[in-house]
Amino acid sequence: LGRLEEDDLGVPAHAVATYRRILELEPHNIEAIHAVQRSAERAGLWPDLAQALETEASITRDPAALLGLWHRIGEVYERKIHDPAAAQVWYRKVLERDDCHVATQRSLARMYNALGRWDELIEVYKLELKVLPKPQAKALLLYRIGQLCENALANEAEAINNYRKAIQFDGTHLPSLRALQNLLSKRGDWKELVRLVQMEVGALESPDAQARAKFRVGELYEN
């Protein structure tokens, strides 16, 4: 009957109710649980989908599958039910079990960025740093952290710290070099500023840009 309602009659919302009656008799019937999930998604019954995913999570014994289910529940709450507080609970459950779960890191980062929750976004970015394989990618993420510290949190000291870390991973990362130069110039830290402009010369490809950077080094020594 559930399949008839779902496929032939095109009323997946009715099918959800039918499959639920099966689960009242057999709470761990995985085929019925999956059928509820499928029908609820087709009908746009997002709370029912979340509940069915939670039911499956409560009985699964596969650790990787469990993390995937928790992440999916978080996505449903975030993107369909628009309940970021509930989404955070499920995403956090994943990271408490595996803080290198990339999909969940990115989901939390997206959500915190949209909500303007900068401290928590930085916390997630720091977890993401652990799994990024390439120095250039680490430099870019540290630059983003620095930008948040500088512009959203007005914490220049922490911004400087992250820009410095960025150029340790990639000494040619121009956004980090220039952001750090700006802050050090405001502080009057001329010695490090000269070193950074010299690093910028090496990172530039255009002869004209290199010449301008070298001229700036001369100005710094002169003044």
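Trainee: What is the handedness of the crossing of H7 and H8?
Mentor: The crossing of H7 and H8 is left-handed. This is a predicted model, so every value here is computed from it.

Trainee: What makes H7 roughly antiparallel to H8?
Mentor: Helix H7 (residues 102-115) packs against helix H8 (residues 118-129) at an angle of about 160 degrees. Angles over 145 degrees count as roughly antiparallel, so H7 is roughly antiparallel to H8.

Trainee: How far apart are the axes of H7 and H8, and which residues meet?
Mentor: The axes are 9 Å apart. From H7, the residues that meet H8 include Leu-108, Ala-109 and Tyr-112. On the H8 side, Trp-118, Leu-121 and Val-124 are among them.

Trainee: Why is Gln-88 called buried?
Mentor: Gln-88 has a relative accessible area of 19%. Buried means under 20%, so Gln-88 is buried. Its place is in helix H6 (residues 84-97).

Trainee: Which residues is Gln-88 in contact with, leaving aside neighbours within four places in sequence?
Mentor: Gln-88 is in contact with Met-111, Tyr-112, Arg-117 and Glu-120. Tyr-112 is also listed among the H7 residues that meet H8, and Glu-120 is listed on the H8 side.

Trainee: How do you know whether Cys-100 and Cys-149 are buried or partly exposed?
Mentor: Cys-149 has a relative accessible area of 3%, and the limit for buried is under 20%, so Cys-149 is buried. Cys-100 is at 31%. Exposed starts over 50% and partly exposed lies between the two limits, so Cys-100 counts as partly exposed.

Trainee: How many disulfides does the structure hold?
Mentor: The structure holds 0 disulfides.

Trainee: Where is Thr-60 found, and what does Thr-60 touch?
Mentor: Thr-60 sits in the loop between helix H4 (46-59) and helix H5 (63-80). Not counting residues up to four places away in sequence, Thr-60 touches Ala-65, Leu-66 and Leu-69. The C-alpha atoms of Thr-60 and Ile-30 are separated by 9.6 Å, with the two residues 30 apart along the chain.

Trainee: What does the secondary structure of the chain come to?
Mentor: The chain has 13 helices and 0 strands. Of its 223 residues, 42% are buried.

Notes: Residues numbered from 1 in each chain as written. Predicted model: local features only at pLDDT ≥ 70, side-chain atom pairs only at ≥ 80, totals over all residues. Heavy atoms only, no water. Disulfide = S-S within 2.5 Å. Buried < 20%, exposed > 50% of the residue type's maximum accessible area, 1.4 Å probe, protein only. Helix = DSSP H or I, 4+ residues; strand = E, 2+ residues; numbered from the N terminus. Contact = heavy atoms within 4.5 Å. Axes fitted to C-alpha atoms, helices over the stretch in contact; angles between N-to-C directions. Parallel < 35°, antiparallel > 145°, perpendicular 65-115°, else oblique. Left-handed = near helix turned anticlockwise from the far one by under 90°.
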